[in-house]
Amino acid sequence: RTYTSRHFPIMAPDGGIAAIAASFNDATGETEARARARRERQRLQDVIRSTSDWVWETDATGAISFVSDRVTEALGIPPLLVKGRPLIGIGRFVPSEGDRPSAVLQGRRPFRDAPFEIEDRSGETRRFHLSGVPVYDDAGRFLGYRGTASDVSERHAAEERARRSRRELEFVLEELTAKNLQLDVALRRAMAATEAKREFLATMSHELRTPLNVIIGFSEMMHLATLG
């Protein structure tokens, strides 16, 4: 069991210390409760670390009242330089489909994976997905927001590269399609010209064959002196 104690001296008549007295209080329950709270807090922190990069809280005015130490890993900014600043003052929400985050914040509604860009100390713009829920006290009074942030900069950059590559491929495909259409037109024209040539040669062959046969026949008759 665990006890808390308070010690004090008992003075002798001559001014010396005659004894040491103490009172003890059983603090086993309180100690166990603190240990459970530490374990629960550690479990919660482990879950948060596995699902996000840092945790944030704001007061009712939107100013950051708490930010976890891991914000330093993500942005290179100590938490003390972030606390007290408005959430929308350290970055900006990126417009996306659906409700605008600013309208969601004003409406005190929960939001999830809202794109949020922050410029770190090196001047590089990093993108995060912010999720938050409004917090109220027992009387229903709005206290602020509490949420998490996940760094998606690398994934966003990869998606941008993929989109650029897709656009380039689509452009190349359009060019190839246009060239194929031009080739089809040229092929049809060539085939039409070939057909016209064939018909022309067939017609001319027929028109020339008859008089040439007559000429050859009369030439043979003259050579053989058939008619004298």
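Which residue is the bridge partner of T58 in β4? The legends below answer this for a predicted model.

View 1. The bridge partner of T58 in β4 is I64. Strand β3 covers residues 54-58, and strand β4 covers residues 64-67. The two strands run antiparallel and are joined by three bridges. Five residues lie between them in the hairpin. There, G62 takes a positive phi near 95°.

**View 2. Strand β3 beside strand β8.** β3 also pairs with β8, residues 142-151. This pairing is antiparallel and has four bridges. E57 has R146 as its bridge partner in β8. Four of the five residues of β3 are buried, so the strand is largely enclosed by the rest of the structure.

View 3. E117 sits in strand β6, which spans residues 111-119. Its relative accessibility is 17%, so E117 counts as buried; the cut-off for buried is under 20%. Leaving aside residues up to four places away in sequence, E117 touches G91, R92, V94, T125, R126 and R127.

**View 4. Helix α4 from end to end.** Helix α4 runs from residue 153 to residue 224 and has 72 residues. At 1.5 Å a residue, α4 should span 106 Å. Its end C-alpha atoms are 102 Å apart, which agrees.

**View 5. The bend in α4 and the residue after the helix.** At R209, α4 bends by about 25°. A proline, P211, follows within four residues. Just after the helix, A225 takes a positive phi of about 55°.

Definitions and conventions: Residues numbered from 1 in each chain as written. Predicted model: local features only at pLDDT ≥ 70, side-chain atom pairs only at ≥ 80, totals over all residues. Heavy atoms only, no water. Expected span 1.5 Å × (residues − 1). Bend = angle between axes of the 7 residues up to and from the residue. Buried < 20%, exposed > 50% of the residue type's maximum accessible area, 1.4 Å probe, protein only. Contact = heavy atoms within 4.5 Å. Pairing = 2+ DSSP bridges.
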